[in-house]
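Keep the model open while you read.

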Amino acid sequence: MNLPQPGDYIDMHTHSSKPASGVFIIECLMAHEDRFPDQAAGLAYTYGIHPWFLTEDNHNQHISNVEKSTGFPNMIAIGEAGFDKLRGPSPELQSKVFEEQALISETHMKPLIIHCVKAWDDLLAAHKKLKPKMPWMIHGFRGSIEQAEQLLSKGFYLSFWFDFALRKESTQLFRSLPKNRIFLETDGADVDIRDIYKKVAGDLDMTVDELNKKIQMNFNEFSNLNFLPPNPLKGA
Ligand SMILES: [Zn+2]
């Protein structure tokens, strides 16, 4: 299993395959892309059906690919899976395929990475119905403090949309959140993950090094890979 090394910046969600030196990436593979996790160094994988690329015709094949992906080394989570009200097939099909992926996440004990656009009710309804034991993480989060608090109260992790995290207006949100539930990501955009850490560390009155350690601890917990010693200050 590839693991982040001490000091590595974790890019929690990206579609790029090439980690820069000192960066550990979580590459999101999508079922329609026809690629499975491999052994390349410096990264781990998630695998799922993105709602944009879901159709009535392909979903059975893609679900079996998601199932198959769980057998590959370096495959740490299911997703991105989710709901999109602006793009993709009917809400019914999106819900059905989301639930199927959530069940694979539970069965194989892999956490779930979520894409959610204007469909928070659908997501929360699925959460209530399935009562997952695996952690769920929203990727690309750019919502309000109230929305963040609601999701955190249900046990979600939040990984922030890169552009939102870099904006001044997100400072207040970062300051109001528990630090043990956050992640940062590039989503494969042409942006340096280190610049995002620098901005958010400033928001949180932490050094980049402290934030880096904190997010490694969050990743340790979220992924259940237990590559760090247990944290005596859990929740701090
Ligand atoms: Zn993505």
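Which residues of helix H7 (residues 193-203) are buried?

1. They are Ile193, Ile196, Tyr197, Lys199, Val200, Ala201 and Asp203. Buried means under 20% relative accessible area, with exposed over 50% and partly exposed in between (1.4 Å probe, protein chains only). Helices (H or I, at least four residues) and strands (E, at least two) are DSSP runs, numbered from the N terminus.

2. Before going on, a word on the source: this is a predicted model, where local features need pLDDT of at least 70, side-chain atom pairs count only at pLDDT 80 or more, and totals for chains, interfaces and linings use all residues. Residues are numbered from 1 along each chain as its sequence is written, and side-chain values use heavy atoms, leaving out hydrogens and water.

3. Now see what covers those buried residues of H7: the list includes E1, E2, H5 (162-166), H6 (171-176), E8 (182-184) and H8 (208-223).

4. Just after H7, Asp205 has a positive phi of about 55 degrees.

5. On to strand E2 (residues 23-30): eight of its eight residues are buried, so the strand is largely enclosed by the rest of the structure. Val23, Ile25, Glu27 and Leu29 point one way, while Phe24, Ile26, Cys28 and Met30 point the other way.

6. E2 also has strand partners (strands pair if DSSP finds at least two bridges between them). E1 (residues 9-14) runs parallel to E2, joined by four bridges, and Asp11 has Ile25 as its bridge partner. Six bridges join E2 to E3 (residues 43-48), also parallel, and here Ile26 stands opposite Ala44.

How values were computed: Contact means heavy atoms within 4.5 Å.
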